Amino acid sequence: MQQKKKRLHYIFKCLALIIGGNIFLSGCSRSFLEPDPLSFYEPTTTFNTEAGLMSAMALCDRHLKGYWATDHNEMLTLGTEYIFSELMVASATDKRTMLCDVANMLTPTSETSYQNIDRTNSIWYLWEETYKAIMYANTIIQYVDKVEKLDETTKKMFKGRAYFHRAFRYMALIFEFGDIPLVTTILEAPKQNYRSTKRDAILKMITQDMELAVQWVPDQKSMPLTGMINKGACRMLLAKCYLAIGEYAKAKEQTDILINQSGYSLMQNNFGTFNDGGEPLTWPITRNVIWDLHRAENKLIAANKEVIMGMPNRGADAESFVQMLTMRILYPFVFDTRLQTKDGKQALLNIRRNDANYNNKYDYMRAFGRGIATFRPTNFSTNTLWTINGVMDATDLRHSSSTGNWIRMEDYRVNNKASSEFGKPISLYNNNGALLCSDTIRRWFDVPHYKFFLDDPVNEANVSGSDGLRGATNGGIADWYLYRLAEAYLLRAEAKYYMNPADATIKDDLNAIRSRAQCTQLYTGTVTIGDIMNERARELYWEEWRNVELKRVSVCLARSGKPDEWGNTYNLENFDKQSGTGADGGSYWYQRIVHYSLYNKGPVQINATGISNPNFTMDKKNMYWPIPYTAILANNKGKLSQNYGYDGYDPNVPKWDNWEDAVADESTN
C-alpha cells in the first residue's frame, strides 16, 4: 500500500509537471518538494467518503479565495488582471524588472517561476495554481459517483460545485492564455502528449457543465454554511458562459432570474456594523450605504441582500485565513523624502503613537496605511471615468471624498511640524511650478478607500511601532465578494446590447446601480458597450477580473458584430491575431488600453536617484499571454500551441476543435 501511495503521489505531480511546466533537469524541482494535500493519500481510499470529498471541496474553496487574498508582502494576485487593463499599471518603480514594457518583456520564457511574483505580476501563478485547482475539482468529479453511501442528490450537489470550480478556472485561463490543454480527469499514468483545445470548445464544455450545476447546486437559503458554491453563483457563471458563446437571450434569462426571482436586492440604505475607519480624527467617515456594503464585517451577514456569493476570510481563528495587504500594496508610497513641502521639508512623517510629536489629527499611517504602491490606478480610472453626460458626477458615493469613501492626494495634510506648511494640504508643485514629488507614478494617485480599507488589529495594537512601520495599517483578514447582484444588472445590460443596441431598457439596468450610489447624472439616451464597461469599472473595481472580462467582451463583440463605443467592429477570425503598438486595430481589449491607459504613450519622467523612466507598452498580441515555454517543453511527446506573435507560434500545430475529442484523448499516452 505504501508503494502504491508513492506511485499515486508521483502521478499527481507528473500531471502538475506537464501543465505547470516544472522540469527535472537534475534532482528535484522546488515544486516537487512542496506538499500537495491531495497527493499523499490513496484516492480510492481518501475519496470514498463524504468527509474526503468535503476536504477536497474545501481545498477548492480556499484556493478560489487565494486569487484575491495573496499571502505576500508586496503582491496581490488580482493586480496582474488590472495591469492588463485600462484601469491600472505596475508602479513599483524601484524594481528594474517591473512589468511595464509588456510588449517587449513578456515572452514564453519570461514567466518561469513563483519568483516572478516580485516583478509585480502573477502570470506564472495564474497558470500553475489555476491548473492545480482544476485538478482538485477533477478529483471530486471523478470519485463522487464511487461513494456508495451518498444519495444521488448529494452526489449531484458535489459534482455541480466541482463543475463551478473547474468552469471558473477554465473561463479565466481561456481569456488569459487562449487555446490551452483541456484536463478533465485524474490519470493513473503521466501524460506528456497533450494537444491544445480551442477556446470555443472549452467554452461549450463549461457551459454544458454549468447548466447542470444550476440544476444541482442548492440556493444559499437552503445551505447551512456560507462561502460554499451556491445556485446564485452558478447562475452568474452560466450567464457569462452564455454571453461568451453567443447565447445572449439565455444569458439574459439567467440574470432575469437572479434579479427578479431569487430573493436578492440591491442594498439601498445603511446596514450592518458601522466601521469608523483607521483613525476617524484624521479621516472621518460619514456613514453611507456604499461604505457599509464594502466593509468586511458586512459582506456575508444575513442583512446583506445583495451578496450572491462571498468568500469567508475572517473570524476568531485568524491563522486559518489569509491577510489581504490592500493598504500596503494599493496605496501611494508617501512617507519618505521624495514628497516635499514648498519649504523643502518632508511632507509626511510616520510618527509613533507614543512619540511626543504624535497628533491623531494627522495619523495617515493608520487612516490610510503605509503604502508601497505595487500597483497604481490610471488617470482614467480615478478621474475621466467618473464623467457622465459630459459632467463630473459630484454626488456619486463611489467617488466621494466628502464622505470619506475616496481619497485624493490633496486630502493629506502636511504633518511635519518643522514645515511652515504644517496642517495644509500637500502640494504637487511649488510656487514656481516645480514638482515637489520626484516619482508621481508611485507617490501621487487617488484611492477608492471604501474598497481597500481593512482593519489591521495587529498593527493597531502596536502603539510603540516596534515593527519598523510604526504601527501603520497594512490591511488584514477580510471577507470578500465573489458575485453581487449589481453585476447581474450589468450582465443583463450587456446581453441586451448584443441582441439590440437600441434597446431603451439597457440604461435602466445601469441607472439602477447609479441611483443606489446616489448619482445625479443618469443615462438618458442610447447606451454603448463602453458605457456598460465603464459602469463595471466603477461598480466592480477589485472584485471583477478586469482583464478576463475585457477579453470576454472582446470575443462577444467579435462574435455579435456589434460596434464598440468608437464605432469599431471586430472579426472573430483575426481580432486576436494582430501585433504592434499602433493606435488602430487589435481587439476591444487593446482599444480600451490605448484609449485610456498609460500604455504606448512614451516614457514617464521620474526624477529620483537610481530609478529609470518607465516606458509602459502593450502589444496587440498581448491579448493572450504566452503559453509558458516550460509547459511546452515538458509536454515532450506532443506539441502545445503557442499564441500568435510569440516565439514558437505555428498556425499549423493541430488543436482539438471540440472538447469531446480532447477528453477522449486524455487516456492516451
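**Note on the salt bridges**

1. Glu306, Asp393, Asp396, Arg398, Lys451, Arg484, Arg514, Arg516, Glu535, Arg538, Glu539 and Glu543 form a network linked by salt bridges. Keep in mind that this is a predicted model. The count for the structure comes to 48 salt bridges. Side chains of opposite charge can pair when their charged atoms come close.

2. Take Lys655 and Asp179. They form a salt bridge, with 2.6 Å between the closest N and O atoms. Lys655 sits in the loop between α24 (629–634) and α25 (659–665), and Asp179 in the loop between α8 (152–177) and β2 (180–181), so the bridge ties together parts 476 residues apart in sequence. Lys655 is partly exposed, at a relative accessible area of 24%. Asp179 has 16% relative accessibility; it counts as buried because buried means under 20%.

3. Next come Asp509 and Lys496. Their salt bridge has its closest N and O atoms 3.0 Å apart. Asp509 belongs to helix α20 (residues 506–516) and Lys496 to helix α19 (residues 485–499). The two are 13 residues apart, and the pair links distant parts of the chain. Buried or exposed? Both Asp509 and Lys496 are buried.

4. Now look at Glu565 and Arg592. Their side chains meet in a salt bridge of 2.9 Å, N to O. Glu565 lies in the loop between α22 (546–560) and α23 (588–596), while Arg592 is in helix α23, so this pair ties together parts 27 residues apart in sequence. Glu565 is buried, and Arg592 is buried too.

Key: Residues numbered from 1 in each chain as written. Predicted model: local features only at pLDDT ≥ 70, side-chain atom pairs only at ≥ 80, totals over all residues. Heavy atoms only, no water. Salt bridge = Lys/Arg side-chain N within 4 Å of Asp/Glu carboxyl O. Helix = DSSP H or I, 4+ residues; strand = E, 2+ residues; numbered from the N terminus. Buried < 20%, exposed > 50% of the residue type's maximum accessible area, 1.4 Å probe, protein only.
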